[in-house]
Amino acid sequence: MIRRATPADLDLLLSARQHDPVALVDEERFRRELDLGQYRFEWSFVDEVEGRLRARALWWGPPEAEHPISLDCVWVDPAEADPTTVAAQLVRAGHQALFAAGLKTRPDFIVTVDPAWRKDPDAVVAAHWRTEAVARAGLTERIERLSYAWTPADPLPARSTRLTFDPADDSAFLDVFAQVAQQSLDLLTLQNLRELGAEAQAADDLEFYLSLPGDRGLWRLARNAERHLVGFVIPSRSAYDASVSYLGVVPGQRGHGFVDDLLAEITHVHAANGAPRITATTDTTNAPMAAAFLRNGYRITKARLVFTAPTS
């Protein structure tokens with residue numbers, strides 16, 4: 001029987017065990033983030049058969065959120081012969097219940113795997129049935145991203161000597177967001193630009209980055225010696241770590257290696273504030289950004305398969 005979980009289902013929810021090479025929300029994390037309000041029973045769905053957990057789907061959101069923003073974990077008992085169908089039915093049921101509660105769009109589904117997951121047959125199988133299952137539930141678009149991390153044990157990149165970094169108001173960031181989106185290599189940015197237009201896409205970016213639990217006072221515009229705008233940096237935070245939340249070079253200044261200056265600035269800002277870890281992500285198709293992370297002391301930590309619903 002597929003149903004929304006209740007507090008009485010805690011042991012049932014925690015009975016899921018790791019059985020394939022895909023990140024699992026384990027007992028420690030679920031309990032911790034349940035206490036924080038990031039996982040909630042009303043955002044958790046189970047498929048139960050005679051007291052046994054057949055499948056589990058966990059949606060996640062910030063503590064202050066009214067609705068979840070991501071689907072973090074889809075687990076199916078390895079004894080099931082057709083995990084695709086079991087998972088698809090569960091995710092569809094979860095979507096229906098969340099829509100009835102006021103959710104407007106299907107949250108992204110995020111699958112975390114090893115960066116070399118394509119070389120592992122078990123990981124390929126695990127990714128395949130999840131891909132097919134969530135596609136049946138409406139999440140038909142896929143982006144693959146690499147995650148990176150920097151710690152104080154890693155080399156600190158040299159700080160820029162050719163750029164200065166100045167505070168600016170939201171309207172200035174709206175303008176530079178719209179500029180940087182042009183000819184971007186970020187797939188989601190390009191998708192939003194096509195579907196929303198430059199102004200709405202920039203406003204959407206601004207709303208998102210203001211919602212992060214970082215310090216708005218650290219946002220900066222980057223200018224060269226002639227005071228021409230080069231780009232911007234947003235050293236913010238995820239729910240867990242300091243992060244390279246967003247940086248960009250305006251089209252007229254690309255091709256001069258300024259991405260290294262911007263990334264170094266964000267790294268120095270977080271390091272000066274004592275961050276024990278700085279995280280970052282980029283699409284696997286964004287080769288220049290991926291190379292910049294490696295040049296500047298960041299290490300690849302994981303790959304993330306992100307499944308989204310088409311917006312039109």
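Two strands count as paired if DSSP finds at least two bridges between them. Helices (H or I, at least four residues) and strands (E, at least two) are DSSP runs, numbered from the N terminus. With that in hand, take E2 and strand E3, residues 52-60: they pair in the antiparallel sense over 6 bridges.

A word on the model. It is predicted, so local features need pLDDT of at least 70 and side-chain atom pairs count only at pLDDT 80 or more, while totals for chains, interfaces and linings use all residues. Residues are numbered from 1 along each chain as its sequence is written, and side-chain values use heavy atoms, with hydrogens and water left out.

Now the layout. The domain assignment gives domain 1 as 2-139 and domain 2 as 164-299. Those bounds come from an automatic or database domain assignment. The two centres, taken over C-alpha atoms, are 31 Å apart.

Next, the sheet. What is the strand order? The open sheet of 12 strands runs E1-E2-E3-E4-E5-E12-E6-E11-E10-E9-E8-E7, with mixed pairing. E1 and strand E7 (164-166) are at the edges, each with a single partner strand, so one side of each has no neighbour in the sheet. From one strand to the next, the twist averages 30°. Angles here run from 0 to 180 degrees between N-to-C directions, and axes are lines fitted to C-alpha atoms, for helices over the stretch in contact.

Let me walk through some pairs. Strand E1 (residues 2-4) and strand E2 (residues 44-49) run antiparallel, joined by 3 bridges. There, Ile2 stands opposite Asp47 in E2. The hairpin of E2 and E3 has 2 residues between the strands, and Glu50 takes a positive phi near 50° in it. Strand E4 (residues 70-76) and strand E5 (residues 108-113) run parallel, with 2 bridges. Ser70 stands opposite Asp108 in E5.

Helix H3, residues 83-100, touches E1, E2, E3 and E4, and its direction makes about 45° with that of E3. Contact means heavy atoms within 4.5 Å. Helix H9, residues 287-295, touches strand E6 (141-150), strand E10 (242-249), strand E11 (278-283) and strand E12 (299-308). The direction of H9 makes about 155° with that of E11.

Last topic: charges. Side chains of opposite charge can pair when their charged atoms come close. A salt bridge is a side-chain nitrogen of Lys or Arg within 4 Å of a carboxyl oxygen of Asp or Glu. How many salt bridges does the structure hold? There are 23.

For exposure, buried means under 20% relative accessible area, exposed over 50%, and partly exposed in between (1.4 Å probe, protein chains only).

Glu132 bridges to Arg136, with the closest N and O atoms 3.1 Å apart. Both lie in helix H4 (residues 121-136), 4 residues apart, so about one helical turn separates them. Glu132 is partly exposed at 33%, and Arg136 is partly exposed at 39%.

Asp170 and Arg216 form a salt bridge at 2.9 Å between the closest N and O atoms. Asp170 is in helix H5 (residues 170-181) and Arg216 in the loop between helix H7 (198-211) and strand E8 (220-223), so the pair ties together parts 46 residues apart in sequence. Asp170 is partly exposed at 31%, as is Arg216 at 25%.

One network remains. Salt bridges that share partners join Glu28, Arg29, Arg32, Glu33 and Asp72. Within it, Arg32 and Glu33 meet at 3.7 Å, N to O. Arg32 is partly exposed at 39%, whereas Glu33 is buried at 1%.
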